[in-house]
Amino acid sequence: MAGNARAALAAMALMLGQISSGALAQADSVDSLARDLDRVESIRAVKTLTRSYAQYAQHGLWTEVGALFAPSGAYLFDGQMKPIEIAKGGPAIAALLRARYGGGKDGPAADGLSTILVENAIINLSTDGESARGRWNAMIFHGAGAQARIEGGIFVIDYLREGGVWKIGTLHYYPQFDGAYADGWLNWGGGGLP
């Protein structure tokens, strides 16, 4: 028994010696793990932020959409055949989207439907982990009464982290196609795509 106890103590001392000599390597690996975990959580947060945008927008919650933007945030609608529409700051962004998609009102139309699908994200996180850029495919279905439309395009979104919370810095929407459900869609504005 005494021999087994001595062997166990010797093994523990050897183990403790290895741990103390490898403490620096472990600290580096713990820091690396913490950084990697933060980066994964950041990617998840910007994806959730964008899907929240789509969820709020499809229900006409324009004030809530505006709150997803940083105070200096901007929304750009680049219709290619028309001048770019720009709104800066949450309230102005909410007002632009309310006018463009909500008929000047909050909430869904009583006889309407709006579904926004944003998928196929490509997210790039900055080296310092405090900003990101994402590119998303958007497919939007609008319906009111007997009218139904399909719209689609690309969202290019710059995100930033303020006080530990991810916000939309700039959302640039490039519409690519649009049209009535009955007739099918055409290139946006009826022209060719650049």
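Four helices and seven strands make up the secondary structure of this protein, with helices (H or I, at least four residues) and strands (E, at least two) taken as DSSP runs numbered from the N terminus. Keep in mind that this is a predicted model, where local features need pLDDT of at least 70, side-chain atom pairs count only at pLDDT 80 or more, and totals for chains, interfaces and linings use all residues. Residues are numbered from 1 along each chain as its sequence is written, and side-chain values use heavy atoms, leaving out hydrogens and water.

**Overall layout**
- Reading from the N terminus, the elements go α-α-α-β-β-α-β-β-β-β-β.
- Of the 194 residues in the protein, 33% are buried, meaning under 20% relative accessible area with a 1.4 Å probe and protein chains only.
- Take the contacts (heavy atoms within 4.5 Å) with a separation of 6 or more: 52% of them join residues 24 or more positions apart.
- The protein's accessible surface is about 11300 Å², and carbon and sulfur atoms hold 60% of that; the areas come from the Shrake-Rupley method with a 1.4 Å probe.

**The largest pocket**
- The largest pocket holds about 520 Å³ of space, a volume filled by probe spheres set on grid points joined across faces, edges and corners.
- A pocket here is an open set of points on a 1 Å grid over the protein atoms alone, where a 1.4 Å probe fits, with protein on both sides within 12 Å along at least five of seven lines; lining residues have an atom within 4 Å of a point.
- Its lining has 26 residues, and Tyr101, Gly102, Ser114, His142 and Gly143 are the closest to the centre.
- At least two lining residues each come from helix H2 (23-58), helix H4 (90-101), strand E3 (112-125), strand E4 (131-144) and strand E5 (147-162).
- E5 gives the largest share, with four residues.
- Sorted by class, the lining has nine nonpolar, eleven polar and six charged residues; Ala, Val, Leu, Ile, Met, Phe, Trp, Tyr, Cys and Pro count as nonpolar, Asp, Glu, Lys and Arg as charged, and the others, Gly among them, as polar.

**Aromatic pairs**
- There are four aromatic pairs in the structure, meaning rings of Phe, Tyr or Trp (its six-membered ring) with centres within 6.5 Å.
- Phe77 sits in strand E1 (residues 69-77) and Tyr173 in strand E6 (residues 165-180), so their pair ties together parts 96 residues apart in sequence.
- Phe77 is buried at 1% relative accessibility, and Tyr173 is buried with a relative accessible area of 1%.
- Tyr53, Phe77, Phe155 and Tyr173 are linked into a cluster by ring pairs.

Conventions:
Buried < 20%, exposed > 50% of the residue type's maximum accessible area, 1.4 Å probe, protein only. Phe/Tyr/Trp six-rings, centres within 6.5 Å; stacked < 30°, edge-to-face > 60°.
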